[in-house]
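Q: Could you walk me through this structure, one feature at a time, with the general idea before each case?

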Amino acid sequence: MKLEGHSCLKRKILKVKSKNKKQKTKKYEIKHKKQKMRYSTMLIPTTKETPAEAEVVSHQLLLRGGFIRKLTSGLYTYLPLGLAAMQKVAEIVRQEMNRAGAQELLMPMVQPADLWEESGRWQKYGPELLRFTDRHNREYCLGPTHEEVITDIARRELHSYRQLPMNLYQVQTKFRDEIRPRFGLMRGREFVMKDAYSFDATDEDAGKSYQIMHDAYTRIFKRCGLDFRPVEADSGTIGGSFSHEFMVLAKTGEDTLVICKSCEYAANVEKAKVVLPAPEMQDVALQECVKVATPGMKKVERVAEFLGVAPADVIKTMIYLADDEPVAVLVRGDREVQSVKLKNLLGATDVELAPDDEVWKRTKLPVGYIGPVDIPITLVADQEVMQMVNGVAGACEKGHHLTGVNPGRDFTPAMTGDLRQITTRDNCPVCGGTLQLTEGIEVGHIFKLGTNYSEALEATFQDRDGNQQPLVMGCYGIGVSRVVAAAIEQNHDNNGIIFPLPLAPFQVIVLNLGVNNEKTTEAAEKLYQDLQAAGIEVLFDDRDERPGSKFKDADLLGIPYRVTVGKTWEKEGLVELRLRHNGATTTIPYDDAAAEIATTVKSALQAIEETL
């Protein structure tokens with residue numbers, strides 16, 4: 001009995017000690033957490049000068065605000081505020097992906113070459129794929145994307161239709177060896193990305209998964225507080241039959257978007273469909289094809305003026321290298337070739353306009369005088385060219401052009417299709433309405449892959465009838481780090497960043513303007529702690545700096561709400577609340593400040609949620 005009592009007492013003593021230890025640990029964690037949110041102890045190396053290397057606003061402000069620092073070309077370290085903003089994006093992404101039924105995993109960044117050889121992309125992907133060998137001389141790459149790896153998982157683990165649909169995602173670092181990294185986080189070599197992959201039994205089911213992801217992406221970017229638009233897009237090196245890009249609308253965007261003013265149609269200019277009006281029925285006699293001298297006239301405009309015709313009456317012949325083979329491409333004289341459309345029509349991996357010296361070397365044809373009649377290389381034409389009558393074209397002889405050139409009679413292309421850049425003079429391919437062009441930054445891309453990868457890697461499942469079928473796949477990416485940069489491109493002014501509330505590293509910054517005044521300091525400290533206790537993310541600027549410097553840094557960092565405790569509090573018991581996005585300023589009684597500010601922040605977040 002004595003032993004049992006002693007044992008019981010010992011357990012009670014240990015329990016009390018354990019409880020006290022947990023309480024001390026908890027107090028330390030709270031204190032430690034608060035210390036991290038004090039400006040004086042955080043790593044926030046702001047600068048006044050704009051770095052010469054930074055071309056776009058987001059790059060400039062991320063460097064000036066101490067969010068990132070460059071390690072080398074295309075590689076950046078995320079400092080505490082930069083990481084905090086990126087984690088905000090990642091958390092929204094995770095919440096919406098989980099809500100949509102996707103499951104998170106984490107795949108290796110290093111990938112074996114044999115998987116890429118199975119899919120056929122080891123050589124096709126090009127120099128952006130960073131390849132290397134290990135000590136055993138086995139080839140690997142740093143993953144720019146993970147279709148091969150996830151398909152390998154699927155072929156090992158998904159065997160029955162009962163396991164479908166399945167959607168797996170990760171948030172992970174990617175590496176693409178960009179030939180010209182630029183614009184900071186907008187086009188770096190290493191970046192953080194969310195990539196998801198869906199697996200379905202049928203095309204119909206895959207379409208449903210695609211729509212679920214489309215809806216999830218819409219929610220994600222709305223929650224991020226961004227002005228964006230989903231647009232039809234080219235699938236590029238990822239492949240697949242159908243895709244949409246999610247574009248943040250910004251003047252500094254690298255992509256041009258085509259948007260209809262009357263309906264919901266929107267597309268990347270690379271994908272935008274040109275629908276030709278029905279040809280007018282004209283009884284026009286076909287002229288004889290005649291060679292005329294046009295000495296020194298290589299440009300369409302000069303040839304048209306000399307011959308008394310419009311540029312639209314000229315057939316422009318451009319020489320491209322498609323997988324290193326010369327191809328002659330025909331468009332109307334007032335049009336431009338869209339190289340992505342050309343690449344897709346030819347089924348080529350790489351397409352580029354041939355330099356003038358290369359044209360002569362490869363074709364022995366004189367630049368500026370090339371035309372489609374009797375041309376000795378492969379000929380393809382834009383659909384619009386095939387409607388032309390009695391056109392003007394190069395004669396494939398220096399200083400000469402042909403008049404009276406007619407497709408079908410004088411030349412026959414090997415292939416014809418929509419090959420030109422769309423313009424605002426074209427009509428919407430859906431409703432016939434007026435089009436407008438605008439710039440955008442790609443922050444997300446979803447693909448309907450079909451069975452490209454599952455067939456190549458033999459990822460099959462047993463259907464309801466007991467037959468083996470290839471898994472039908474989809475792929476869905478978000479540039480997590482790029483979203484931060486895109487948000488800044490869309491939300492800034494001359495003073496700095498204006499973060500959307502959901503993405504800000506802190507929701508509120510409290511400025512103590514009386515650091516050397518004990519009472520003011522105590523009041524600012526208490527307000528900071530009260531806001532924290534109310535669940536608000538607060539940065540406390542407790543530095544011994546001039547008020548002007550604190551105001552400038554607060555604007556530069558872009559924190560949505562600025563609370564100032566200074567002379568107004570000392571004289572009238574009021575604190576100042578300023579909204580970063582519009583500069584609106586109000587004063588609040590100190591005793592009510594924490595509760596009122598917390599309510600304001602939470603109401604603003606709730607308003608965003610209600611728009612979904």
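**Cysteines, helices and loops**

A: A search of the whole structure finds zero disulfides, a disulfide being counted as a pair of cysteine sulfur atoms within 2.5 Å. In general, a disulfide is a covalent bond between the sulfur atoms of two cysteines. In this structure, Cys396 is in no disulfide, and its nearest cysteine sulfur, that of Cys289, is 11 Å away. Cys475 is likewise in no disulfide, the nearest cysteine sulfur being that of Cys141, 15 Å away.

Q: What kind of model is this, and what is the average pLDDT of the protein chain?

A: This is a predicted model with residues numbered from 1 along each chain as its sequence is written; local features need pLDDT of at least 70, and side-chain atom pairs count only at pLDDT 80 or more. Totals for chains, interfaces and linings use all residues, while side-chain values use heavy atoms, with hydrogens and water left out. The pLDDT is the predictor's confidence in each residue, from 0 to 100; the protein chain averages 92, and 93% of the residues score at least 70.

Q: How should I read the packing of two helices, and at what angle do H3 and H7 pack?

A: Two packed helices are described by the angle between their axes and the distance between the axes. Helices (H or I, at least four residues) and strands (E, at least two) are DSSP runs, numbered from the N terminus; axes are lines fitted to C-alpha atoms, for helices over the stretch in contact, and angles run from 0 to 180 degrees between N-to-C directions. Helix H3 and helix H7 (residues 203-223) pack at an angle of about 150°, their axes 9 Å apart. H3 is therefore roughly antiparallel to H7, given that angles under 35 degrees count as roughly parallel, over 145 as roughly antiparallel, 65 to 115 as roughly perpendicular and the rest as oblique. The residues that make the contact include Ile92 and Glu96 of H3 and Tyr217 and Arg223 of H7. By class, this contact of H3 with H7 has seven nonpolar, one polar and four charged residues, where Ala, Val, Leu, Ile, Met, Phe, Trp, Tyr, Cys and Pro count as nonpolar, Asp, Glu, Lys and Arg as charged, and the others, Gly among them, as polar.

Q: Where do H3 and H12 meet, and at roughly what angle do their axes cross?

A: The axes of H3 (residues 80-99) and H12 (residues 480-490) come within 9 Å and cross at roughly 115°, so these two helices are roughly perpendicular to each other. Ala85, Met86, Val89 and Ala90 in H3 meet Val480, Ser481, Val483 and Val484 in H12. The residues of this contact of H3 with H12 divide into seven nonpolar, one polar and no charged.

Q: At what angle do H13 and H16 pack?

A: Helix H13 (residues 518-533) and helix H16 (residues 590-610) pack at about 30°, with their axes 9 Å apart, which makes H13 roughly parallel to H16.

Q: Where in the backbone does the model have a cis peptide bond?

A: The peptide bond from Leu164 to Pro165 is cis, with omega near 0°, and Pro165 lies in the loop between helix H6 (147-157) and strand S7 (166-175).

Technical notes:
Contact means heavy atoms within 4.5 Å.
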